[in-house]
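Let's take a walk through a protein model together. Keep the sequence and the 3D view open as you read.

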Amino acid sequence: MKKFLALGDSFTEGVGDVDLGRPNQVRGWADRVAEVLCTQGDWEYANLAVRGKKIGQVINQQLDQGLSMKPDLVSIYAGGNDILRPTADLDALMRGYEGIVRRFNEAGSTVLLFTGFDTVESPLFSKTRPRTAIYNEKVREIADAHGAIIADYWRWREFSDVRYWAVDRLHMNELGHGLMASKVLEVLAEHQVTDDDWSQLIQAPVLPELAVNSRGEKLKAELGWAREHLAPWIKRRLTGTSSGDTLSAKYPQYLQLSAATN
């Protein structure tokens with residue numbers, strides 16, 4: 001039985017892909033990938049990712065437990081919450097990130113890394129683009145040095161479509177997570193981590209028509225977004241709290257996951 005372990009933050013926990021019947025009430029791309037691996041192949045799955053975690057927290061809270069679980073495949077994506085903080089020392093943080101990859105590589109795990117999303121078209125997050133580009137280059141250097149696989153989120157331009165994003169504008173919605181799952185399965189097949197390319201088993205997202213709103217409707221939507229999502233996000237930054245402070249990992253032990261698993 002092969003083992004797939006997912007580490008990281010909200011991206012890997014699955015925030016934006018709401019499923020009230022699951023732990024933490026989210027599904028996400030990692031669950032979707034695991035559902036295919038567990039039903040089509042001989043795999044088990046665990047997910048230690050928790051929203052809001054920064055690189056240092058992933059190291060301190062997920063690394064040792066993850067190593068003890070001896071995964072055949074481990075996905076790692078953290079750094080988005082660090083990039084949002086202009087004073088964060090990315091060079092120092094990425095040295096720690098490399099340490100995570102090195103230790104899993106030395107333990108015999110295949111490591112899957114992600115580049116960061118290109119925010120060039122985001123009015124809110126476009127200013128973080130230079131820091132994300134630095135992060136991505138560091139990720140590529142780490143992958144080269146330790147033989148890791150890369151899921152190149154930065155170059156997958158289809159994710160720029162707003163219909164793949166949740167109402168908070170920070171996380172992918174169920175359509176985005178579905179597309180990401182298909183992309184990840186393609187990468188795993190390309191690098192022969194899985195025996196077959198099962199990406200076709202993820203149903204292709206059917207995008208709704210783009211809404212055409214009046215100026216008044218757009219203003220109302222902006223005000224609603226600022227009240228429901230931006231203000232709480234700013235408050236958490238000012239108070240040093242996180243949306244994940246009261247949450248635990250969704251699947252801290254290996255299980256065989258299916259689409260019907262709660």
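In which helix is Asp64 found? Asp64 sits in helix α3, which covers residues 55-68; helices here are DSSP runs of H or I with at least four residues, strands are runs of E with at least two, and both are numbered from the N terminus. This is a predicted model, where local features need pLDDT of at least 70 and side-chain atom pairs count only at pLDDT 80 or more, while totals for chains, interfaces and linings use all residues. Residues are numbered from 1 along each chain as its sequence is written, and side-chain values use heavy atoms, leaving out hydrogens and water.

Back to Asp64: this residue is exposed, with a relative accessible area of 52%. Exposed means over 50% relative accessible area, buried means under 20%, and partly exposed is in between (1.4 Å probe, protein chains only). Asp64 and Arg103 are 39 residues apart along the chain, and 9.8 Å separates their C-alpha atoms.

Now find strand β1, residues 2-8. Five of its seven residues are buried, so the strand is largely enclosed by the rest of the structure. β1 pairs in the parallel sense with β2 (residues 43-47) over five bridges; two strands pair if DSSP finds at least two bridges between them. Here Leu5 stands opposite Ala46 of β2. β1 also pairs with β3 (residues 73-77), again parallel and over five bridges, with Leu7 opposite Ile76.

Finish at Asn136 in helix α6, residues 129-146. Asn136 is buried, with a relative accessible area of 3%. Leaving aside residues up to four places away in sequence, Asn136 touches Thr115, Gly116 and Trp154, where contact means heavy atoms within 4.5 Å.
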